[in-house]
Amino acid sequence: MKLQRKNRLRALSLGAVAVSSALALTACGSDDNGEGNANGGSSAAANASSVKCDDAKGQLLADGSSAQKNAIDAWTKVFSPACNVQINYKGAGSGAGVTSFTQGQIAFAGSDSALKPDEVAASKKVCDGGQGIDLPMVGGPIALGYNVPGVDNLVLDAPTIAKIFDSKIKNWNDEAIKKLNPGAKLPDLKIQAFHRSEDSGTTDNFTKYLLATTPENWKYSGGKAWQAQGGQAASGSAGVAQGVKQNSGAIGYFELSFAKGIDTVAIDTGAKTPVKPSTESATADIAAAKVIGTGKDLALQLDYKTKAEGAYPITLVTYEIVCDEGNKADTLPATKAFLRYIASEDGQKVLAQNDYAPIPAEIIAKVRTTIEGLS
């Protein structure tokens with residue numbers, strides 16, 4: 001009898017939740033189909049209950065940053081069934097995304113670097129009466145993953161990282177690495193440094209860190225294209241991570257969400273303790289970012305030279321790039337609905353569940369206001 005009573009109570013509770021979710025989703029014109037996000041169906045159902053679809057319909061084409069691909073996938077698992085909108089996000093890299101956007105081929109782009117002046121000018125040709133703007137949506141650390149047998153807790157600083165990726169330090173038992181890791185048994189093993197083969201916002205942010213912290217050791221201008229000689233090239237963050245996994249002696253840079261099963265470097269920033277990449281340590285750095293965009297543009301300036309305790313210095317922010325005015329009428333409702341969801345409190349919670357850093361409250365509040373004004 002007790003078991004039957006417990007089951008009845010559980011059924012009533014689930015029924016109440018279902019009614020509540022159905023009421024919340026009425027505006028979307030569809031029910032939650034029970035698909036989960038990357039962390040389970042219950043989280044997806046809870047998130048779907050807050051999705052506001054309005055007149056969203058059809059399909060959204062988007063492209064850009066591979067850094068946020070895992071986040072987009074997790075968001076899509078909630079948003080698409082709730083609003084019956086298909087999100088087709090390629091994740092071919094920030095450079096490809098910006099190019100596709102300025103050519104009018106996609107509804108929005110993802111980029112780990114804010115639009116350059118020439119890119120803003122190009123966007124005016126496809127944004128009728130407006131221009132492309134940067135909306136910071138995804139934060140996270142750029143992890144340095146490595147594959148060195150017998151070394152579990154590697155520490156590096158900016159000068160040493162620069163010399164490794166510029167082929168100036170060639171072996172893992174180099175004196176500079178030994179000095180930073182006095183207790184480690186560093187092997188006489190050749191270093192294989194992996195970098196991105198295509199234009200990449202991750203490359204741009206990684207080299208911005210080197211330029212800011214050790215310009216005497218990084219004699220390049222920076223940007224989305226890899227400029228140093230030597231090393232191994234791979235496509236996308238997934239490709240770089242795979243290269244590190246498969247090659248003894250390898251090291252590469254990619255977002256933390258791609259570091260599953262890979263050891264990551266702790267960075268000696270000058271703080272008391274070297275800092276490992278994590279959502280918490282990235283958030284600590286992004287919280288100090290300043291909005292430098294003008295008008296509705298919310299481009300940020302990050303502090304790559306931080307020495308704050310627990311703040312990881314190699315971070316990036318991925319922007320969703322969209323027209324402030326002049327968006328295509330057939331995709332505007334779906335674009336606004338999707339951006340509204342991913343900028344919402346529930347949408348931002350998905351980030352921390354997938355090894356990304358949510359955008360700080362003060363900044364994401366401005367993003368939400370801007371989204372509502374898109375036309």
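Student: In this model, is G239 buried, partly exposed or exposed?
Tutor: The model is predicted. G239 sits in helix α9, residues 236-246. Buried would need under 20% relative accessible area, and exposed over 50%. G239 has 22% relative accessibility, so it counts as partly exposed.

Student: How far apart in space are G239 and F194, C-alpha to C-alpha?
Tutor: Start with the sequence: G239 and F194 are 45 residues apart. In space, the distance from C-alpha to C-alpha is 9.3 Å.

Student: Which residues have the most contacts inside the largest nonpolar core?
Tutor: That core has 94 residues. A second, separate core has twelve residues, including A234, V240, V244 and I262. Inside the largest core, the residues with the most contacts are W75, M137, I164, F165, F206 and I251.

Student: How many salt bridges does a search of the whole structure find?
Tutor: Among them is a network that links D54, R340 and E372. A bridge also joins K69 and D73. The search of the whole structure gives a count of eleven.

Student: What separates K69 from D73 along the helix?
Tutor: K69 and D73 form a salt bridge, with the closest N and O atoms 3.0 Å apart. Both residues belong to helix α3, residues 69-83. They are four residues apart there, so the separation is about one helical turn.

Student: What is the relative accessibility of D73, the salt-bridge partner of K69?
Tutor: K69 counts as partly exposed, at 22% relative accessibility. D73 also falls in the partly exposed class. Its value is 32%.

Student: Are E198 and R196 buried or exposed?
Tutor: E198 and R196 form a salt bridge. The closest N and O atoms are 2.8 Å apart. As for accessibility, E198 and R196 are both buried.

Student: How many residues apart in sequence are the parts that D355 and K260 tie together?
Tutor: D355 forms a salt bridge with K260, with the closest N and O atoms 2.4 Å apart. D355 lies in the loop between α12 (345-353) and α13 (361-372). K260 lies in the loop between β8 (250-255) and β9 (263-264). The pair therefore ties together parts whose separation in sequence is 95 residues.

Student: What phi does D355 take?
Tutor: D355 counts as partly exposed, at 23% relative accessibility. Its place is just after α12. Its phi is positive, about 65 degrees.

Student: Which residues of α12 are buried?
Tutor: The cut-off for buried is under 20% relative accessible area. In α12, the buried residues are D346, G347, Q348, V350 and L351.

Student: Which residue has its backbone nitrogen 3.4 Å from a polar atom of the side chain of S66?
Tutor: S66 lies in the loop between β1 (58-64) and α3. S66 is buried, at 7% relative accessible area. The backbone nitrogen at 3.4 Å from its side-chain polar atom belongs to S237.

Student: Is N84 buried or exposed?
Tutor: N84 is found in the loop between α3 and β2 (85-89). Its phi is positive, about 55 degrees, although N84 is not a glycine. The relative accessible area of N84 is 61%, and the cut-off for exposed is over 50%. N84 is therefore exposed.

Student: Where is S167 found?
Tutor: S167 is a residue other than glycine with a positive phi, near 60 degrees. S167 counts as partly exposed, at 27% relative accessibility. Its place is the loop between α6 (158-165) and α7 (175-180).

Student: How many residues in the lining of the largest cavity are charged?
Tutor: The structure holds one cavity of 30 Å³ or more. The largest cavity has a volume of about 120 Å³. Its lining includes F101, I106, V126, C323, N327 and K328. The lining divides into five nonpolar residues, five polar and, for charged, one.

Notes. Residues numbered from 1 in each chain as written. Predicted model: local features only at pLDDT ≥ 70, side-chain atom pairs only at ≥ 80, totals over all residues. Heavy atoms only, no water. Core = buried A, V, L, I, M, F, W, Y, C linked by side-chain atoms within 4.5 Å. Buried < 20%, exposed > 50% of the residue type's maximum accessible area, 1.4 Å probe, protein only. Salt bridge = Lys/Arg side-chain N within 4 Å of Asp/Glu carboxyl O. Helix = DSSP H or I, 4+ residues; strand = E, 2+ residues; numbered from the N terminus. 1 Å grid on protein atoms, 1.4 Å probe; cavity = no way out; pocket = protein on both sides within 12 Å on 5 of 7 lines; lining within 4 Å. Points joined across faces, edges and corners; volume = space filled by probe spheres on them. Nonpolar A, V, L, I, M, F, W, Y, C, P; charged D, E, K, R; others polar. Polar contact = N/O pair within 3.5 Å; in protein donor to acceptor, adjacent residues only side chain to side chain.
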